[in-house]
Amino acid sequence: MQETMTLKNKRIIIYIVILIFLLWGIKGIWWSGTSDAKSVSLISETTLRQENLISSLKTEVARLQLQLTKCPHGGQDDVSNLPIIYAITPTHKRPVQKAELTRLSHTLMLVPNLRWIIVEDSETKTDVVAKLLAKSGMQFIHLNAATPKEWKLRAKEPRWNKPRGVIQRNAALQWIRDNVDPGTDGVIYFVDDDNSYSLEVFDEMRNVKGVGVWPVGLVGGLLVERPKVNMLGKVEGWLTVWSPQRPFAIDMAGFAVNLKRFFQQSDWKFAYEVEKGYQESIFLQHFVNSLDELEVKAENCTKVYVWHTRTEAVNLNQEDVLRKKGKPPSNVGIEV
Ligand code: UGA
Ligand code: MN
C-alpha cells in the first residue's frame, strides 16, 4: 500500500516538474516576445524624438538665416569683406583674470572679422590664456611681453603711479607691422581686459578712415567723458574734468585708428616715461594733425557704447585662513 503511494507521489512530482518546464518554456517565449516589442517601440520613440529635434533645428537655422540677411552686413558672405578690427588686449595674471577674459571673449566672439591680439604681461605664455583662446574659436594672436621690473606696480601701490599695458601694446603693434599687409582695410582698437563693450562700438569703429572717437562711460571720475562736438559735427575740445588740458583728453577705449593711417608712421611706440594720463594724447598727437579731422562716432558722441569698468580686488582672506591651518588652497586641481 505504502509502495503504491510513493509510486503515485513520484508520478505526481514528475508531472509537476514537466508542467513547470512547459510553463517555463511558454513564459520564456512570451517574455522574449514582449521585450522585443518593447525595444522596437523604444527605438521608434528615439527616432521620432531625433527627427523632431532635427526638424526643429532646421526651422531654427532657417530663422537665423533670414535674420542674418536682414542684419546690416547682409549675411555671412559679406562678413569676410568687412574691414578687419585688430583688437589689442594687454592682460596680466591675477585672481580675476580668467573671469575678465571669459567675459571679454564672449563679447569679442560676436564681432565679425575681428583679430584678437592678446599680449600677456609675463615671461611666458600661460596655459590659462592659451586654453581660453583655443576654446573661444576666435581668430587670435597670442603673445607675451613682460613689464620691466622697475615699471611693474608693487602690491598696494596706487595704480596711477605707473602706466600699464605699455610694452604689451608695443608688442601687438610690432606684430601688426611684421604680419599685416599695409594695404589691409581695417582698424586698430585698444581693448583693455576689464572694460565693458557693447557690440555697437565695433560697428562704429569699423569704417573709420583716419581716427574715430566716441564717449567712454564711468571714467575720469565722471559718469561719462566725451569729445565736445560743435554745430558742424566736429570735435572742438573735451568734456572732461580730470586733466582737461590734455591735447586728447580721452581714454584708450574711446578711439580707433585706421590701419593705413597707422602704417603711414608705424615706427611709433608707447613709452613708460610719460606724464600721468598722457599715453592717449601722445599716441593721438602722432596720428592726428588737428581735432577737426577726428571722425565723430556714436551718434555725434551722444551714445555710450563702452564703459571703463574696473573689477574690485577680490577678497581672498579665507585662503589665508586655510594656509595658516596648513591646509591646501581651495583651487587645488581646479582652474579658476
Ligand atoms: C587706464 C586706461 O583705461 C588704460 O588704457 C591705461 O593703460 C591705463 O589707465 C594707464 O594709465 O596705463 P586702468 O583701468 O587704470 O586704465 O588700467 P588697467 O585696466 O589696470 O590696465 C590696462 C590694461 O593693462 C589692462 O588690460 C590690464 O590687464 C593690463 N595690465 C595691467 C598689464 O598688462 N599689466 C599690469 O601689470 C597691469
Ligand atoms: Mn582698466
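## Exercises on a predicted model

Strands E1 and E2 run parallel and are joined by 7 bridges; here strands (E, at least two residues) and helices (H or I, at least four) are DSSP runs numbered from the N terminus, and two strands pair if DSSP finds at least two bridges between them. This is a predicted model in which local features need pLDDT of at least 70 and side-chain atom pairs count only at pLDDT 80 or more, while totals for chains, interfaces and linings use all residues. Residues are numbered from 1 along each chain as its sequence is written, chains are lettered from A and ligands numbered from 1 in the order in which they are written, and side-chain values use heavy atoms, with hydrogens and water left out.

**Exercise 1.** Work out how E2 sits in its sheet, and whether its faces are covered or open.

*Solution.* 
Step 1: Place the strand. The open sheet has 7 strands in the order E3-E2-E1-E4-E10-E6-E11, with mixed pairing. Its edge strands are E3 (139–144) and E11 (295–296), each pairing on one side only.

Step 2: Find a bridge. Pro90 has Val119 in E2 as its bridge partner.

Step 3: Check burial (buried is under 20% relative accessible area, exposed over 50%, partly exposed in between, with a 1.4 Å probe and protein chains only). In a regular strand the side chains alternate between the two faces of the sheet. On one side of E2, Leu114, Trp116, Ile118 and Glu120 are buried, and on the other so are Arg115, Ile117 and Val119. Because 7 of the 7 residues of E2 are buried, the strand is largely enclosed by the rest of the structure.

**Exercise 2.** Describe how E4 pairs with E10 and which helix lies across them.

*Solution.* 
Step 1: E4 and E10 (residues 255–258) pair in the antiparallel sense over 3 bridges. Tyr189 stands opposite Ala256 in E10.

Step 2: Helix H8 (residues 279–287) lies across E4, E6 (211–213) and E10, running at about 30 degrees to E10. Axes are lines fitted to C-alpha atoms, for helices over the stretch in contact, and angles run from 0 to 180 degrees between N-to-C directions.

**Exercise 3.** Which residues touch the most other members of the largest nonpolar core?

*Solution.* 
Step 1: A nonpolar core is a set of buried Ala, Val, Leu, Ile, Met, Phe, Trp, Tyr and Cys residues joined through side-chain atoms within 4.5 Å.

Step 2: Read off the members. This core has 38 residues, and Ile117, Ile176, Ile188, Phe190, Phe255 and Phe283 touch the most others. Helix H5 (residues 166–179) gives the largest share, 4 residues.

Step 3: Follow one of them. Leaving out residues up to four places away in sequence, the residues touched by Ile117 include Tyr86, Ile88, Ile141, Leu143 and Trp175 (contact means heavy atoms within 4.5 Å).

**Exercise 4.** Describe the hairpin of E8 and E9.

*Solution.* 
Step 1: E8 (residues 222–229) and E9 (residues 235–239) run antiparallel, joined by 4 bridges. Pro227 stands opposite Trp238 in E9.

Step 2: The hairpin has 5 residues between the strands, and Gly233 takes a positive phi near 80 degrees.
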